[in-house]
Amino acid sequence: MQELLGTDPNGLVLLVLLTGMMMLPLAAGAQKVGEALQHKTDSANLTPAAGSYIVKYYVEEAAPGSAYETGPLHIIYSDSLDVVQKLPPKKDSTDREIVQNQEGITSYAVPLVLVLYRSGKIIRSRQQGQMVWSWAFVDGGKRVAVVWGLTHGPEVGDFQLYDVNTGRMLSEVFGDSDIQGLKPNAPKWAKKLEEQLNDGHKSE
């Protein structure tokens, strides 16, 4: 899990972006990936035992000469069951139908939750359904601004401003799809967050 931390000018509040996995998150209490496991693939019964949880998952490399970018996905449970998800056979497009074939399996961390800490305790958390693009403290840490958006697609963010003490949303503004950004009359806090977001893109 990757954590991005920030503090207000008084060092009283920490903001953490918790990351979720696009594919399969590890369950709480899962074993470390490096621990040795007796893996088994059970083609007759692919149902994990009651109480078991995912301890590891990985994607094989594509076989030499394969038309795919990756190999199959392995999902390993604490009862040692290794469930293998193979890629579907590719189909050819025809004059009547254009086929979109799956090319591989990928997974990566995505920030999903905005969490505010004070003195080691969680005081607020927000999850909007989209990923966190960027965030910043405002007014000396009294408020926090965050922009949410799609993982892929048009860069039209949902900019929100929250009161740190109450957790109440104070303001919200959306990006304009025509210009792929905020309009010139957007509030200052949102424009500043957009500048921070754009600067981050330039440094990548």
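Which side chain makes a polar contact with the side chain of Gln-160? In this predicted model, the partner is the side chain of Trp-148, at 3.0 Å (a polar contact is a pair of N or O atoms within 3.5 Å; within protein, one must be able to donate a hydrogen and the other to accept it, and residues adjacent in sequence count only if both atoms are side-chain atoms). The model is a predicted one, in which local features need pLDDT of at least 70 and side-chain atom pairs count only at pLDDT 80 or more, while totals for chains, interfaces and linings use all residues. Residues are numbered from 1 along each chain as its sequence is written, and side-chain values use heavy atoms, with hydrogens and water left out.

Gln-160 lies in strand β10 (strands are DSSP runs of E, at least two residues, and helices are runs of H or I, at least four, numbered from the N terminus). The residue counts as buried because its relative accessibility is 5% (buried means under 20% relative accessible area, exposed over 50%, partly exposed in between, with a 1.4 Å probe and protein chains only). A polar contact of 2.4 Å also joins the side chains of Gln-160 and Tyr-162. Beyond four places in sequence, Gln-160 touches residues including Gln-128, Val-144, Met-169 and Trp-189 (contact means heavy atoms within 4.5 Å).

Strand β10 belongs to an open sheet of 4 strands, in the order β8-β9-β10-β11, with antiparallel pairing (two strands pair if DSSP finds at least two bridges between them). The edge strands, β8 (131-138) and β11 (169-174), each pair on one side only. From one strand to the next the twist averages 15° (axes are lines fitted to C-alpha atoms, for helices over the stretch in contact, and angles run from 0 to 180 degrees between N-to-C directions). Strands β9 (residues 143-149) and β10 (residues 158-163) are joined in the antiparallel sense by 6 bridges. Trp-148 has Asp-158 of β10 as its bridge partner.

The structure holds 1 aromatic pair. The ring centres of Trp-135 and Phe-137 are 5.8 Å apart and the planes stand at 85°, so the pair is edge-to-face (rings of Phe, Tyr and Trp, the last by its six-membered ring, pair if their centres lie within 6.5 Å; planes under 30 degrees apart count as stacked, over 60 as edge-to-face and the rest as tilted). Both Trp-135 and Phe-137 are buried.

Glu-194 is placed in helix α1 (residues 188-203). With a relative accessible area of 13%, Glu-194 is buried. Outside four places in sequence, Glu-194 touches Phe-159, Gly-181 and Leu-182.
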